[in-house]
Amino acid sequence: MDVNYLRISLVDRCNFRCTYCMPTGAEFDYLHRAELLSYEELLRLVEEVFLPLGIDRFRLTGGEPLLRRGIVGFVRALCALPGVADVSMTTNGYLLEELAGDLYAAGLRRINISLDSLDAAVFRQITGRDHWHKVWRGIQTAYQTGFDPLKLNVVVLPGVNDREVPDLAALTVERNWHVRFIEFMPVGNTDYFDAAGWVASETLRQRIRERFGLGAGTCFGNGPADVFQIPGARGTVGFISQMSECFCERCNRVRLSADGWLRPCLLNEADQVDLKHPLRAGVSPQQLRATVAELLACKPEINFKERDRGTTGGYARTMSQIGG
Ligand code: SAM
Ligand code: SF4
């Protein structure tokens, strides 16, 4: 599978403390400003390294990408680069009420917002913050602004929000929203993962079928999600099943951390390469392209499957640090 998609983490900081993403009670050593790739450096990498290698789709993530100062200007500059085919963002939605209009005007059209519950108390339990209403207003603002597709990401946690799955799926009936249920992964808070476990997508599909008669097997779209539609619905329901199914063969993405490490797979730390220091040391774009091309060429061998072989170098970083 050709790699044409890069997830760019803009910042490792976050204003939420999602239980599945961050270790309980952890104090983080956040990156200092100077350690982050600057917007200028990111644009140079996109223009001189990634685009020439055929990577022309970009997702901005974090940490919480909207916390990074100057984000709107960066989105505008990235969207304006000739050859950029697609720019999207994953956000917790906290700042969308304020920023959705500016982001849209800057050229952003596709947005994924994390919303793990429809219940403000459960939301607080999961995110550590009492912000359900603000996030919900942010989602409404983004929808009214015209973001399309508007996707909602739900990490399914057994005994916490799994009973809400049919209600969350129901959001797609009246609105052109796309809800994505993500299997909980042992990244970030592995203690919690070991204690809580995870729910397989097939179990969720069964629950949704019981309520709505989900069109079985109507799978479309590309990327890791299996996408279905509730009969008559305007939006879709998708399942990202990295625990119960291996989708490495159709994985088209690589990830760049906020401090400039490019990794071939979310779970592969051992084979990541540093782009920031060579860039700052004046290494030529040709050489940087050669480094990245080498990583891309090995990608099929160094992906998620390595997890089971224990060769990924451990999961020392949380999702917020890698860029989920
Ligand atoms: N802060 C933004 C947000 O929450 O949408 C963007 C970064 S967050 C790390 C990106 C995605 O990773 C979110 O949809 C989040 O739910 C997901 N995620 C984080 N930790 C996870 C885990 N252990 N298992 C599965 N998904 C996880
Ligand atoms: Fe922050 Fe997103 Fe991680 Fe939640 S999932 S702690 S919002 S980075």
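Of the 324 residues of this protein, 56% count as buried, buried meaning under 20% relative accessible area with a 1.4 Å probe and protein chains only. What you see is a predicted model, in which local features need pLDDT of at least 70 and side-chain atom pairs count only at pLDDT 80 or more, while totals for chains, interfaces and linings use all residues. Residues are numbered from 1 along each chain as its sequence is written, chains are lettered from A and ligands numbered from 1 in the order in which they are written, and side-chain values use heavy atoms, with hydrogens and water left out.

The accessible surface comes to about 13,300 Å², and 50% of that belongs to carbon and sulfur atoms; areas are from the Shrake-Rupley method with a 1.4 Å probe, and for residues only the protein chains shown count as cover. The protein has twelve helices and eleven strands. Those are DSSP runs, helices being H or I with at least four residues and strands E with at least two, numbered from the N terminus.

Now contacts, meaning heavy atoms within 4.5 Å. Among contacts with a separation of 6 or more, 74% come from residues 24 or more positions apart.

Leu66 is one residue to look at. It sits in the loop between β2 (57-61) and α2 (71-80). Is Leu66 buried or exposed? It counts as buried, because its relative accessibility is 4%. Leaving out residues up to four places away in sequence, Leu66 touches Ile71, Met89, Thr91, Leu95, Leu96, Leu99 and Leu103. Its C-alpha atom is 8.5 Å from that of Tyr94, 28 residues apart along the chain.

Next, ligand 1. It is surrounded by 19 residues, and the closest are Tyr20, Gly63, Ser114, Asn153 and Met185; a residue is counted if one of its heavy atoms lies within 4 Å. By class there are eight nonpolar, nine polar and two charged residues in this shell. Nonpolar covers Ala, Val, Leu, Ile, Met, Phe, Trp, Tyr, Cys and Pro, charged covers Asp, Glu, Lys and Arg, and the others, Gly among them, are polar.

A backbone N or O atom of Tyr20 lies 3.0 Å from a ligand 1 nitrogen. For Gly63, a polar backbone atom is 3.0 Å from a nitrogen of ligand 1, and Met185 has a backbone N or O atom 3.0 Å from a ligand 1 nitrogen. On its own, ligand 1 has 540 Å² of accessible area, and the protein covers 95% of that. Elements giving two or more residues to the shell are β3 (86-91), β5 (150-156) and β6 (177-183).

Last, ligand 2. Nine residues surround it, the closest being Cys14, Phe16, Cys18, Cys21 and Asn92. That shell has six nonpolar residues, three polar and no charged.

Technical notes:
A polar contact is a pair of N or O atoms within 3.5 Å; within protein, one must be able to donate a hydrogen and the other to accept it, and residues adjacent in sequence count only if both atoms are side-chain atoms. Buried means under 20% relative accessible area, exposed over 50%, partly exposed in between (1.4 Å probe, protein chains only).
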